[in-house]
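Q: Walk me through how to read a protein model, please. I'd like to take one feature at a time.

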Amino acid sequence: MKQGTWSFSTVLAVLLFALCLQTGIAFFAGSVWLAASAVLTAAAALYSALHLRYIQRGIRRYVAKLSENLEAAGSQVLQGFSIPVLAAGGKDEMIWYNEAFRSGVTNGQDIFGRPLTDLIDAEALQTLKDNRHAEIALGDKLFTTYYSVSGGEKDAISVFYFIDETQLRHTAEEYAQSRPAVAYITIDGDGEIAKGVRDNARAARLLEAEKEIEAYFSGSGLLCRLSSSLYLYISEKRRLEEHRADKFDLLTRVKTAANGENTGVTLSIGVGLGGETLRECDEFARAALDMALGRGGDQAALKNKGTYEFFGGHSRGVETRTRVRSRIIASTLRALVEESDSVLIMGHAYSDLDCLGAAIGVRSIAACLGKEAKIVLEPTKTLAKALLDRYLAHGGSTVTPSAALPGITRKTLLVLVDTHRAGFLESKAVYDACTTITVIDHHRKTVDYIGNAVIFYHEPSASSASEMVAELAQYMVESNRNPIGKFEAEALLSGIMLDTRNFVLRTGVRTFEASAYLRSRGADPVQVKQMFAGSMEAYREKANIVQRAHIINGCAVSLVEEAGKTVRIAASQAADELLSVEGVSASFILYPTEDNPAGKGVNISARSFGRVNVQLIMEAFGGGGHHTMAAAQLPGETLEGAKERLIEKLTEL
């Protein structure tokens, strides 16, 4: 309407100017021409006046209709609203706005007649129309904008209401950033640092670490030293977010500044965020520190309500176990066994030598205490077939999960070995049916750990679950009756040898002490070695896997297109074998899962000598394990898809 009026006014002005010019010329040409020009000019002026009156009536009708439409939305009060209000026509042309909009949104600038997209970008405008409300940023302000329509299709009027929430959002952000945050910082293996070094050298290393800690947290909160190796840090959330952004660079700075010839200083940090109170943040921080230590230390764990985030974790764990704790765990386990009416022992699915060996050791301990224990196992789905056959020949027995369920009572004790994740168990149904649960595991702690265990005996510095059970057995001697005989000793020793790869990896002083104890109980290394013997079919499959491997970023990656019956054993053995290839720091074997008719579902077996932390890589795929031995299961994934994801992860590292 505005553009039509302007176009007509321009034409009229040109016409009147031409007529006036003609009249002037006629004045000098003669009276007849003058009279004729005057008549034409008068007629044009009269026509123009009548046409302008017609246009004015049209404008009045348009404004009246606009007022009528706006009245349906409350036009009588819109002008006096303190809330900015904007009206647009059917073609999204801004045709009206109140003074609050002019002063609060456009900063006094008139935008009448301009398209809406000059104010709001097309995508945000479409979102606003679809949802009837949207958050829109205009300049340095943030508005929650509401949208309504009145009138028909041809004469529709869109009305927009702008609620300025800039100050509210700034206040909310300030409140969120000023919430309390708590962190606990501990020096890993304080006692281990003292071994092999003089007192002054130890003091110098700890002093360097303390300087780095104080420099890192200085000026941004309250740092208190609770003991020689434990610190408490309290600050606002914004400060810890800064440390989160630099991925807790303190972990690297301490190792760089304090590394010595014999041993380095590493830290474990637990951070609690998002709690409703300071006490809840403190609880989060304690749980996060426990998680960081349970994963081997040298890392920061951040807990924000129900989620965890991890930083670091590239160093090998420090052996920090004490015999005092083993003795206390043994005493508590004895009491639980004696109070129970039945004992079930279960490990992870597709049990290996360590899992089955630890289960056999716990069964012998229960028998020594006068309780008959049953090992829950699927005989057709075990990787320790040689040990299982010897166990059955030795008079042992197993029970399938379906057969174990009817006999479970409120006083049944379930002992879980070699895993602490419910999703990896031999049977989730058996776990759910039991109320008294004990966990014995050595794998690095994951977020989805079993949290309802009466005893959670978790030692990531231990080489194997068999080593942990061997230690417990030494405190279970009853009336000069030792629970560990020759067969049990060989079963436990096979588990230790498997997870340490014949005492090469993850071996500590306690590993050799446990092995020496088992040797004293009659374990024959030759008999143990025979349990590792595989079939010719498995050997050929292992050779084929090694042959198909490719080196990618210093890591050997091999795909198994068609899985045979022995693929799990062959894959783990091939992963170990590939580490002997020059230039290979880690190996990954990808093979399809069993019973996958759709062609989807992939397992990954990962190994390393320690330079690459395969646990962190497998955690990215939902798996876990150790620094040097880990695995993952990818349901619904294809081999090529899993390979691409693995290569992307290796490239990131």
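Q: How does F503 count at 26% relative accessibility, buried or partly exposed?
A: The scale first: buried is under 20% relative accessible area, exposed is over 50%, and partly exposed is in between (1.4 Å probe, protein chains only). At 26% relative accessibility, F503 therefore counts as partly exposed. Keep in mind that this is a predicted model, with pLDDT of at least 70 needed for local features and 80 or more for side-chain atom pairs, while totals for chains, interfaces and linings use all residues. Numbering starts from 1 along each chain as its sequence is written, and side-chain values use heavy atoms, without hydrogens or water.

Q: Where in the fold do I look for F503?
A: Go by the elements: helices (H or I, at least four residues) and strands (E, at least two) are DSSP runs numbered from the N terminus. F503 sits in the loop between α18 and α19.

Q: What about the backbone of F503, what is its phi?
A: Phi is positive there, about 65°, although F503 is not a glycine. R132 also has a positive phi, of about 70°, and is not a glycine either.

Q: Where does R132 lie, and how exposed is R132?
A: Look in the loop between α5 (122-131) and β3 (133-138). With a relative accessible area of 44%, R132 is partly exposed.

Q: Let me try another loop residue, R295. Buried or exposed?
A: R295 counts as buried, because its relative accessibility is 1%. You'll find R295 in the loop between α11 (278-294) and β10 (299-304).

Q: Which residues does R295 touch?
A: Contact means heavy atoms within 4.5 Å. Setting aside residues up to four places away in sequence, R295 touches F310, R444, K445, Q615, L616 and E619.

Q: And G622, which residues does G622 contact?
A: Leave out the neighbours within four places in sequence, and G622 is in contact with R421 and F424. G622 is placed in the loop between α23 (614-619) and β22 (624-625), and its relative accessible area of 41% means that G622 is partly exposed.

Q: How far apart in space are G622 and Q633?
A: Separation along the chain is one thing, and separation in space is another. G622 and Q633 are 11 residues apart in sequence, and their C-alpha atoms are 7.2 Å apart.

Q: On to whole helices. How many residues of α17 are buried?
A: Helix α17 (residues 465-473) is mostly covered, with nine of its nine residues buried. Those buried residues include A465, M468, L472 and A473, and also E471.

Q: At what angle do α17 and α18 pack?
A: Axes are lines fitted to C-alpha atoms, for helices over the stretch in contact, and angles run from 0 to 180 degrees between N-to-C directions. Under 35 degrees is roughly parallel, over 145 roughly antiparallel, 65 to 115 roughly perpendicular, and the rest oblique. For α17 and α18 the angle is about 140°, with the axes 7 Å apart. They are therefore oblique to each other.

Q: Which residues of α17 and α18 meet?
A: From α17 you have S466, E467, V469 and A470, and from α18 come L492, G495 and I496. As for classes, Ala, Val, Leu, Ile, Met, Phe, Trp, Tyr, Cys and Pro count as nonpolar, Asp, Glu, Lys and Arg as charged, and the others, Gly among them, as polar. The α17 contact with α18 divides into four nonpolar, two polar and one charged.

Q: How do helices α6 and α9 cross?
A: The axes of α6 (residues 166-177) and α9 (residues 237-245) come within 7 Å and cross at roughly 75°. That angle is why α6 is roughly perpendicular to α9. E174, A176 and Q177 of α6 make the contact with K237, R238 and E241 of α9. By class, the residues of this contact are one nonpolar, one polar and four charged.

Q: Zooming out, how many helices and strands are in the protein chain?
A: There are 24 helices and 23 strands. The protein chain has 653 residues, and 47% of them count as buried.

Q: What share of contacts joins residues at least 24 apart?
A: Take the contacts in the protein chain between residues at least 6 apart in sequence: 62% of them join residues at least 24 apart.
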